[in-house]
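User: Please show me the model and its sequence. Then take me through it in short questions and answers.

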Amino acid sequence: MAKKTQPKEGPVKSKRTREGAGEGGAKTAYRFSFGPWNIHEGADPFGPPVRDPISFARKLPLYQELGFEGVQFHDDDAVPDINTKSPQQVLRQAQAVRKMLDAAGLTAEFVAPRLWEDPRTIDGGYTNNDPENRQYAIDRSLQAIDIAAELGTVNIVLWLAREGTYIRESKNARLAHDWLLEAINRMLAHNPNVRILIEPKPNEPMDQAYVPTIGHAISLAYLSEDPARVGGLIETAHAKLAGLDPSDEMAFALFHKKLWSVHLNDQNGLKFDEDKSFAAANLREAFNQVRVLEEAGYARQGAWVGLDVKAMRTQKEESRLAHLANSKRFFELMVEKARSFDRQAEAECIANRDYEALERLVIEHLLGTL
Ligand code: XUL
Ligand code: MN
């Protein structure tokens with residue numbers, strides 16, 4: 001095995017920077033966010049809630065207590081009963097939420113139109129076969145942009161929940177992509193500042209979702225009217241559900257300068273979307289995601305570390321927030337691991353094509369046995 005030596009100058013400039021230590025050091029500070037849905041009641045398709053609901057107003061003070069600064073929103077997280085409200089009422093409610101955020105010292109990271117619960121979106125939103133339903137999806141998305149502006153963010157996340165099929169022959173997939181692009185262009189035209197972050201996912205609730213990977217999302221971005229304003233959000237579990245390595249998916253988006261947010265979590269193989277705590281299922285994959293983010297200076301671009309995690313259904317009320325605190329801590333520990341990884345030894349292993357030694361270097365580093 002390669003001897004442990006001082007790392008050479010690499011993408012990270014100094015030991016101080018590498019370890020991110022100390023006042024005045026060049027430490028890259030990460031900013032963390034989550035959504036109100038990440039404080040969850042524990043219901044699943046086969047069982048009712050097991051924990052009491054908490055109102056949005058009561059959730060807000062918990063953010064800072066947990067060390068989070070950013071709030072992710074669905075449009076109706078900010079404006080409940082959105083479909084029963086006039087446009088003026090919607091904006092007034094968004095303004096009231098902005099005041100609550102300011103008072104709690106919090107920032108809105110993004111707004112995502114929730115296009116998967118209304119009867120008009122049963123068969124999809126932008127790709128619905130019925131033009132009236134497609135119009136509803138677009139109108140609701142434009143309204144989400146107005147809500148975002150009131151909340152002080154330009155970021156709109158599109159998780160394309162029901163854009164896909166349970167039965168392949170029920171939609172024309174080529175046409176569906178045309179409609180998706182049209183919807184994106186309508187959103188770009190609605191507000192010159194808006195940025196669209198597509199969050200790909202290959203399945204659930206649909207059997208086969210359109211835009212299953214970040215590659216699909218980025219190809220749509222380039223075809224849009226303003227590619228500089230269309231990018232992606234990568235969720236660990238979604239990449240794993242597509243059978244892909246999340247760190248490679250992130251690296252691909254970073255290469256295109258289109259990784260504008262992440263939903264870190266974990267996933268134990270090809271099952272339902274588990275939203276496990278970050279690093280809970282696979283430490284090495286977690287290490288590699290952080291390694292890729294660190295190497296690319298992800299945080300320096302101002303992007304957030306979003307944690308799309310849920311407490312286990314079997315978790316009792318008392319520790320119902322621990323998955324958020326744990327995920328943040330596991331991320332920070334992985335940042336230390338990424339910064340303290342012996343880059344000189346790594347380079348030697350690579351130069352010698354001694355990949356067994358590299359394997360040992362990684363595993364012993366993660367186990368803390370070096
Ligand atoms: C669904 C999912 C959503 C999006 C936001 O799997 O991840 O919570 O992140 O709509
Ligand atoms: Mn997500």
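User: Which residues are the protein donors of the manganese ion (ligand 2)?
Analyst: Donors are N, O and S atoms within 2.8 Å of the metal (3.2 Å for Na, K and Ca); water is not among the atoms, so sites may look incomplete. The protein donors of this ion lie 2.0 to 2.2 Å from it. They are Glu199 (OE), Glu235 (OE), His263 (ND1) and Asp308 (OD).

User: What are the ground rules for numbering and values?
Analyst: Residues count from 1 along each chain as written, chains are lettered from A and ligands numbered from 1 in written order, and side-chain values use heavy atoms without hydrogens or water. This is a predicted model: local features need pLDDT of at least 70, totals for chains, interfaces and linings use all residues, and side-chain atom pairs count only at pLDDT 80 or more.

User: What geometry does the site of the manganese ion (ligand 2) have?
Analyst: Six donors count as octahedral if opposite donors are over 155 degrees apart and all others between 65 and 115; four are tetrahedral if all angles lie between 85 and 135, or square planar by the rule used for six; anything else is irregular. Here the angles among the six donor atoms run from 78 to 171°. The site is octahedral.

User: How are the donor residues of the manganese ion (ligand 2) spaced in sequence, and where is Asp308?
Analyst: The spacing is E-x35-E-x27-H-x44-D. His263 and Asp308 link distant parts of the chain, 45 residues apart. Helices (H or I, at least four residues) and strands (E, at least two) are DSSP runs, numbered from the N terminus. His263 is in strand 9, and Asp308 is in the loop between strand 10 and helix 11 (322-340).

User: Are His263 and Asp308 buried or exposed?
Analyst: Buried means under 20% relative accessible area, exposed over 50%, partly exposed in between (1.4 Å probe, protein chains only). His263 has 1% relative accessibility, so it counts as buried. Asp308 has 7%, so it too counts as buried.

User: Which residue in strand 10 is the bridge partner of His263?
Analyst: Two strands pair if DSSP finds at least two bridges between them. Strand 9 (residues 259-264) pairs with strand 10 in the parallel sense over four bridges. Leu264 has Leu307 as its partner. The partner of His263 is Gly306.

User: What is the handedness of the crossover from strand 9 to strand 10?
Analyst: A crossover is right-handed if, with the strands pointing away from the viewer, the path from the first strand over the helix to the second runs clockwise. Strand 9 and strand 10 pair in the parallel sense. The chain crosses between them through helix 10 (residues 283-295), and this β-α-β crossover is right-handed.

User: Which residues cover the two faces of strand 10 (residues 304-307)?
Analyst: Strand 10 also pairs with strand 1 (residues 32-34), in the parallel sense over two bridges. Both of its faces are covered, with all four residues buried. One side has Trp304 and Gly306, the other Val305 and Leu307.

User: Which residues have the most contacts inside the largest nonpolar core?
Analyst: A nonpolar core is a set of buried Ala, Val, Leu, Ile, Met, Phe, Trp, Tyr and Cys residues joined through side-chain atoms within 4.5 Å. The largest one has 88 residues. The residues with the most contacts inside it are Phe73, Tyr126 and Phe331.

User: Which backbone oxygen does the side chain of Arg229 reach?
Analyst: Arg229 sits in the loop between helix 7 (214-223) and strand 8 (230-235). At 14% relative accessibility, Arg229 counts as buried. A polar contact is a pair of N or O atoms within 3.5 Å; within protein, one must be able to donate a hydrogen and the other to accept it, and residues adjacent in sequence count only if both atoms are side-chain atoms. At 3.1 Å, the side chain of Arg229 reaches the backbone oxygen of Leu188.

User: Which residues does a cis peptide bond join?
Analyst: Most peptide bonds are trans. Here one has omega of about 10°. The cis bond joins Glu204 and Pro205.

User: Is Val211 buried or exposed?
Analyst: Val211 has a positive phi of about 60° although it is not a glycine. It lies in the loop between strand 7 and helix 7. With a relative accessible area of 2%, Val211 is buried.
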